[in-house]
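Here is a short briefing on the fold, the surface and the sheet. Look over the sequence and structure first, then read the points by topic.

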Amino acid sequence: MDIDDILAEVSGDGLPLETRDLQRLTRAWVTERSAPELLPWPSDLMERVLGRIHQQIEVVEEQVGNVDPKTNFRLIIIQTELERFKFLVRSFLRTRMAKIDKHALYMLNNPTQTARLSASELQYVNSHQTLLEAHYRSSFLSQFPASLQRLDDTAGGISMIEQPDTDTAVFVRALRDVEEPVIIEGTDIGFEMRRGDVYVVRWSAVREHVMNGDAELI
């Protein structure tokens, strides 16, 4: 059994909340890394995870220097668990920041994308784009005619705003049976998703199923 098999077990109500949050965080991390576009910020999950990290850091700081072997062993376990959570959070955030840097203007001009940002990410993307535009204007844009200085120009029917490629192929696994056939837009190809089946398909065809929990990226 590998990590994908563990994450596929979605009926974990009997598990401790910390264990379930670790599974949810791992799934969010894998999905964010695999999806070509930014996914909604998991606010409740991240609030719990970050709060738990701060609590564990405080416990470690309070117990540092304790010579009791039992306490030291407990600290090793806590620190190991802490580093696991910190790795997932850091990698998850780096993945999101890379997407924000690449598609900042697209996100600022698309309310649906903006709604997927956390408060800190929204503040970052606004500051990032402001600084980038100021740099471009001072470096070379100011030398162009006013009509050519826009970074979101759509003249000639061609947009300068780079968008995520939603037709990127992804690996997806069904977590439950999907009643309606999945239709690939622009084609007459369709297929039925059954629990446990794995497919290689366009992200645009399975995006909604991943968003609502019917499937996961692997």
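**Briefing: surface, fold and sheet**

The model is predicted. Of the 218 residues in the protein, 36% are buried.

**Overall fold**

- The protein has eight helices and five strands.
- Along the sequence, the elements run α-α-α-α-α-α-α-β-β-β-β-α-β.
- Take the contacts between residues at least 6 apart in sequence: 63% of them join residues at least 24 apart.

**The sheet**

- Three strands make up an open sheet, ordered β4-β1-β5. Their pairing is antiparallel.
- Strands β4 (198-202) and β5 (215-217) are the edges, and each pairs on one side only.
- From one strand to the next, the twist averages 40°.
- In general, the strands of a sheet pair through backbone hydrogen bonds, in a parallel or antiparallel sense.

**Pairing of β1 and β5**

- Strand β1 covers residues 169-174. Three bridges link β1 to β5, in the antiparallel sense.

Terms used: Residues are numbered from 1 along each chain as its sequence is written. This is a predicted model: local features need pLDDT of at least 70, side-chain atom pairs count only at pLDDT 80 or more; totals for chains, interfaces and linings use all residues. Side-chain values use heavy atoms; hydrogens and water are left out. Helices (H or I, at least four residues) and strands (E, at least two) are DSSP runs, numbered from the N terminus. Buried means under 20% relative accessible area, exposed over 50%, partly exposed in between (1.4 Å probe, protein chains only). Contact means heavy atoms within 4.5 Å. Two strands pair if DSSP finds at least two bridges between them. Axes are lines fitted to C-alpha atoms, for helices over the stretch in contact, and angles run from 0 to 180 degrees between N-to-C directions.
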